[in-house]
Number of protein chains: 2
Amino acid sequence: MPRCREFDIDHALDQALNAFWLKGYEATSMMDLMAAMGLSKSSFYECFGSKREALLAALRRYSEREMAETRRHFSADVPVAELLAAWVRHSIDPAACRPSQRCGCLIVNIAVELAPHDSEIEDAVRHHLDMLAAFLAETIQRGNAEGSIPVGLDPTHGADLLLNLVAGIQVLVKGGVEPHRLAAIIDVQLKCLFVTSD
Amino acid sequence: MPRCREFDIDHALDQALNAFWLKGYEATSMMDLMAAMGLSKSSFYECFGSKREALLAALRRYSEREMAETRRHFSADVPVAELLAAWVRHSIDPAACRPSQRCGCLIVNIAVELAPHDSEIEDAVRHHLDMLAAFLAETIQRGNAEGSIPVGLDPTHGADLLLNLVAGIQVLVKGGVEPHRLAAIIDVQLKCLFVTSD
DNA sequence: ATTATTTTGGACTGTTCAGTCCATAACTAC
DNA sequence: GTAGTTATGGACTGAACAGTCCAAAATAAT
């Protein structure tokens, strides 16, 4: 019966996601958002409700995408220790940087900008961090079982340490610390991780 | 000759600093700023020029204060290893949290929000990170000489690792990760740091 | 073709934004 | 006290803000 929607919601959401990723929430105006998404104001509000709801939807999408990509990465038939090292190094690979250089991680950016002032956004951030930490702990455990990661740290502690590593790296990236120093931090940290015990 | 200023510039700057620290740059309006500083619009502009210049001045002040406090902390006559542990743990001490709970570190917040889009602010951030990294490297070296820190890592690598540790922690604080997990991350990381070698 | 339904563009709202400006108040030096 | 200088409060600016609303266009089913 009805006239059907002319744009793809997920594609529009991806564009919104990129806009928030590039400039942050407050600094992204509705004008920026509409231009990035290629939507008129009424289509935007009809579909997403408000700027803040669009951000929440974008966060969910980012989180799902990121987790799916991470799971895929770790499903390769390669020693877990190697996969882990590659995964962490991926976070400072300029070639892998979307949507542009030095935009960091959307979750980290939004956590810093908004999480303490908006509990719904905090929940979205926390949910992603929890999923990621749980998956990393599982992965470390798999590495232990497989033998590529020496049994030492409690896997949940190792996972939190990795979480902290990538969060810190994303901040230093934005702060302009040189890539070779970031690479050194990662190398040293990975060595620590695979040697230390509780 | 002239009528003299009725407010204390440094005190006003501290209030501006707190406002930016609590809400970030974009989300802090001139109204917020004037209310926090107790200044009228004309006094503010006469004295600080613009919102952005006020932020730059606040960043400089924060950096100087933070570095001075850090230097003082490490001047105590206690083994460097202990001072270092206390210094890192201080960053998650709720009692030491100014201006409020979960506001993180001003430099980290601003680095994430603005550094990639404003080179002058990036310079201010970089300057602080460089000062801090240099001081930490020096401190680790002192710990090596003194014997409280085993000679292992290159001190500059150790310093970058510490920098990354506290940056990551500030993000996770804002993201709402539980204090006991943050404490565990710090404990494990410190153990790593004092054991690993290049 | 007509009708029912929904998207769409764009005009419009009132508010808030950072920043300017000036008349007045306050103070110092004489 | 008076003259000279500067800080101050508050009115004012135009632009940008998020969000509303409606008439017109487009589609699908009958």
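This is a predicted model: local features need pLDDT of at least 70, side-chain atom pairs count only at pLDDT 80 or more; totals for chains, interfaces and linings use all residues.
**Entry: the interface**

I started where the two chains meet. How many residues of chain B are in contact with chain A? I found 41 residues of chain B in contact with 41 residues of chain A. Next I looked up which elements of chain B supply that side. Those that give two or more residues are helix H6 (106–114), helix H7 (119–146), helix H8 (155–175) and helix H9 (179–193) of chain B. H8(B) gives the most, with 12 residues. I then sorted this side of chain B by class. It has 22 nonpolar, 10 polar and nine charged residues.

I laid chain B on chain A.

**Entry: the nonpolar core**

I kept one general point in mind. In soluble globular proteins, nonpolar side chains tend to be buried together. Here the largest nonpolar core has 113 residues. Which of them touch the most other members? They are Ala16(A), Ile110(A), Ala16(B) and Ile110(B). Ile110(B) is in contact with Tyr25(B), Leu59(B), Ala115(B), Ile121(B) and Val125(B).

**Entry: helix H1 of chain A**

I checked the length of this helix, residues 9–23. At 1.5 Å a residue, the 15 residues of H1(A) should span 21 Å. The end C-alpha atoms of H1(A) are 21 Å apart, which agrees. I listed the buried residues of H1(A) as Ala12(A), Gln15(A), Ala16(A), Leu17(A), Ala19(A), Phe20(A), Trp21(A) and Lys23(A). Gln15(A) and Lys23(A) are on that list of buried residues too. What covers the buried residues of H1(A)? The cover includes H2, H4 and H6 of chain A. Just after H1(A), Gly24(A) takes a positive phi of about 85°.

**Entry: helix H2 of chain A**

I moved on to H2(A), residues 30–37. Its buried residues are Leu33(A), Ala36(A) and Met37(A). Seen down the axis of H2(A), these fall within an arc of 90°, so they line one face of the helix. Which exposed residues does the face turned away from the buried side carry? I found Met31(A) and Ala35(A) there. The buried residues of H2(A) pack against helix H1 (9–23), helix H3 (41–48) and helix H4 (51–73) of chain A.

**Entry: the loop between H5 and H6**

As a rule, most residues other than glycine have a negative phi, and most peptide bonds are trans. In chain A, a cis peptide bond joins Arg98(A) and Pro99(A), with omega about -5°. Pro99(A) lies in the loop between helix H5 (80–90) and helix H6 (106–113) of chain A. In chain B, a cis peptide bond joins Arg98(B) and Pro99(B), again with omega about -5°. Pro99(B) is in the loop between H5 and H6 of chain B.

Arg102(A) lies in the loop between H5 and H6 of chain A. Its phi is positive, about 55°, although it is not a glycine. Arg102(B) has a positive phi near 60°. With 15 C-beta neighbours inside 10 Å, Arg102(B) also counts as partly exposed.

Last, I took Ile92(B), in the loop between H5 and H6 of chain B. With 19 C-beta neighbours inside 10 Å, Ile92(B) counts as partly exposed. Its C-alpha atom is 9.0 Å from that of Gly104(B), 12 residues apart along the chain. What does Ile92(B) touch, not counting residues up to four places away in sequence? I noted Ile169(B), Val173(B), Pro179(B), Leu182(B) and Ala183(B).

Definitions and conventions: Residues are numbered from 1 along each chain as its sequence is written. Chains are lettered from A and ligands numbered from 1 in the order in which they are written. Two residues are in contact if their C-beta atoms, placed from the backbone, lie within 7 Å. Helices (H or I, at least four residues) and strands (E, at least two) are DSSP runs, numbered from the N terminus. Ala, Val, Leu, Ile, Met, Phe, Trp, Tyr, Cys and Pro count as nonpolar, Asp, Glu, Lys and Arg as charged, and the others, Gly among them, as polar. A nonpolar core is a set of buried Ala, Val, Leu, Ile, Met, Phe, Trp, Tyr and Cys residues joined through C-beta atoms within 7 Å. A residue is buried if 20 or more other C-beta atoms lie within 10 Å of its own, exposed if 12 or fewer, and partly exposed in between; C-beta atoms are placed from the backbone. The arc is that of the directions from the helix axis to the C-beta atoms. The expected span of a helix is 1.5 Å times one less than its number of residues.
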